[in-house]
Amino acid sequence: MPTTPLLPLPDGLEIISIREEENDLAIHIISKRIWCLCPGCAQSSRAIHSYYRRHPMELPCTGRVVKIILSVKKFFCRNPSCQRKVFTERIPELIEPSSRLTTRLRTLVQAIGIAFNANGGARLGAQMGVQVSRMTVLFSLHLLPFPSVGKITRVGIDDFAWKRGVRYGTVLIDLDSHEIIDILPDREAESVKTWLASHPEIEVVSRDRGGAYADGAAQGAPQAIQCADRWHVCKNLGDAVESYLKRQSLSIPAPSAPVLTSASKEKPTYEQRRQERRSQATFERKQEIVEKVREMHKQGRSGHEIAVDLGLARGTVRKYLQIEGPVRIAPRTRKPSLLDPYYEYLCQRWNEETPTAQQLFEELQEKGYQGGISIVKDVVTRLRRGLSGMKYPPQSIQTKKMPSMLSARELRWLLAKKEDDLTAEEKQGLTKLFESSQEVGQLYRFLQSFLRMVRGLKPDLLNGWMKEVRESKIQELVSFVNGIDRDYDAVRAGLTYEWSQGPVEGAVNKIKTHKRLMYGRASFSLLRKKMLHQKVS
């Protein structure tokens with residue numbers, strides 16, 4: 001029987017029988033080739049040593065497993081200088097040496113492994129009629145070669161976390177195609193320099209404000225234009241504005257919104273008193289850490305050394321050094337619960353006959369309760385222990401419009417909004433804030449003018465803006481301008497060209513997704529192959 005459309009075969013192979021078993025198809029194939037090339041010396045041989053059979057798996061047919069019985073030969077190598085005396089017949093178009101899967105099936109398993117994890121790939125394969133284990137999926141992925149990068153002219157660089165705060169890697173993408181072109185095991189300047197130096201054709205390098213990537217790009221691709229990402233520059237400015245608002249303790253009333261207040265002043269509950277004690281202990285502990293950070297800073301210790309000694313993040317150390325005076329901990333207000341309108345009914349029913357959580361949940365649903373049963377279960381558990389149902393139960397709740405104050409973070413975003421997007425109430429609040437402090441009005445003008453400069457890509461306005469900020473002597477903004485000075489060329493290029501870190505951030509998100517699919521067990525080599533073959537699969 002010659003080759004069939006069911007199973008196209010390379011020349012020299014012939015199907016001699018197809019046998020249908022209970023759930024499988026067994027296809028017997030023989031090789032009629034009379035010679036073969038030695039894999040060691042590439043010399044042809046016609047001297048047959050023996051015959052043997054291989055039993056590889058093929059792509060499934062209508063959900064049934066296809067097993068191949070492949071009869072092939074062994075040949076003598078007559079080349080006296082060759083180390084091989086006997087070699088097996090090679091059929092690379094159908095199956096690789098020592099493989100238990102045909103080339104077509106191996107390609108399918110690799111595609112499944114690239115898209116999923118090993119366990120998920122094995123489960124999906126079983127439903128498709130591909131009976132392979134998770135180890136086969138992993139082994140198939142390791143057989144994939146690393147694709148070549150080719151020539152690229154515009155590169156985006158960013159880091160991603162192997163273990164947040166401990167170990168990071170680097171991802172590089174092609175800004176034209178938005179495809180991942182390589183992954184590095186660390187985020188050191190030397191690694192970036194080595195990679196970029198191997199690609200002298202690069203013309204543009206987009207990056208964030210990190211110093212390691214700036215140094216690596218400057219040394220590895222001196223011919224390339226470095227573009228600082230506009231979003232990161234604006235974020236740095238926003239952080240400076242927020243630091244100023246915190247230092248000056250400035251805020252305005254939030255837009256009116258209904259909040260829950262108590263009509264009667266009752267004696268604090270045990271839970272409330274315990275929370276007050278916890279807040280005081282938290283304040284004292286944080287104040288002690290801040291004083292340690294200040295003392296070590298006065299001794300000339302660097303932020304990195306302080307962070308290592310005290311077990312803090314470097315950003316936390318910088319934040320503590322910016323605090324003036326005692327630590328201020330914002331009080332935590334009670335948040336409304338979906339159970340509040342039904343709380344009195346729930347307590348009444350409990351006092352009557354002690355129903356189960358499921359019974360209460362069904363009764364509350366009939367009254368319009370939209371929450372889940374877990375909240376009801378928590379309340380019932382506390383009631384069984386003799387505690388109040390809620391940790392902070394509502395007290396004679398009434399709805400009243402009371403203006404709360406915007407936090408420094410919320411006010412920062414309000415200052416950054418376009419004037420056309422502000423509501424009348426927000427405009428009124430900002431006007432009162434500017435009247436109370438001319439410096440805040442000046443800060444607002446600087447922030448808005450910089451954002452317009454970024455949106456319009458107007459680099460010619462940058463120098464004048466920096467000069468005006470220095471003349472204003474606003475401490476946080478001057479510090480921001482000094483940071484721009486250290487990275488001036490990259491920031492100006494970011495305001496000139498359209499390249500940004502947006503595609504790179506998308507690639508980082510893709511890497512995080514695949515790391516989670518692999519349950520955090522992805523080695524560098526395996527994760528790199530999965531990500532580099534995303535564009536191929």
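This is a predicted model: local features need pLDDT of at least 70, side-chain atom pairs count only at pLDDT 80 or more; totals for chains, interfaces and linings use all residues.

The lining of the largest cavity comprises 4 nonpolar, 1 polar and 4 charged residues.

**Enclosed space**

- Rolling a probe the size of a water molecule over the atoms shows where empty space is left.
- The count comes to 1 cavity of 30 Å³ or more.
- The largest cavity holds about 40 Å³ of space.
- Its lining is formed by R54, T88, E89, R90, I91, P92, I95, E96 and P97.

**Nonpolar cores**

- In the largest nonpolar core there are 39 residues, and L415, F450, W465, L477 and F480 are those with the most contacts inside it.
- At least two residues of this core come from each of α6 (230-248), α13 (408-416), α14 (424-436), α15 (438-456), α16 (462-472), α17 (475-486) and α18 (488-494).
- The greatest contribution to this core is that of α15, with 9 residues.
- Another core, of 24 residues, lies apart from this one and includes I180, A507, V508 and L526.

**Contacts of F450**

- When neighbours within four places in sequence are set aside, F450 is in contact with V233, C234, L237, L462, W465, F480 and I484.

**Packing of α13**

- The residues A408, L411, R412, L414, L415 and A416 of α13 are buried.
- The buried residues of this helix pack against α6, α14 and α15.
- One of the buried residues of α13, L415, is also among the residues with the most contacts inside the largest nonpolar core.

How values were computed
Residues are numbered from 1 along each chain as its sequence is written. Side-chain values use heavy atoms; hydrogens and water are left out. A nonpolar core is a set of buried Ala, Val, Leu, Ile, Met, Phe, Trp, Tyr and Cys residues joined through side-chain atoms within 4.5 Å. Buried means under 20% relative accessible area, exposed over 50%, partly exposed in between (1.4 Å probe, protein chains only). Helices (H or I, at least four residues) and strands (E, at least two) are DSSP runs, numbered from the N terminus. Contact means heavy atoms within 4.5 Å. On a 1 Å grid over the protein atoms alone, a cavity is a set of points where a 1.4 Å probe fits but cannot get out, and a pocket is an open set with protein on both sides within 12 Å along at least five of seven lines; lining residues have an atom within 4 Å of a point. Grid points are joined across faces, edges and corners, and a volume is the space filled by probe spheres set on the points. Ala, Val, Leu, Ile, Met, Phe, Trp, Tyr, Cys and Pro count as nonpolar, Asp, Glu, Lys and Arg as charged, and the others, Gly among them, as polar.
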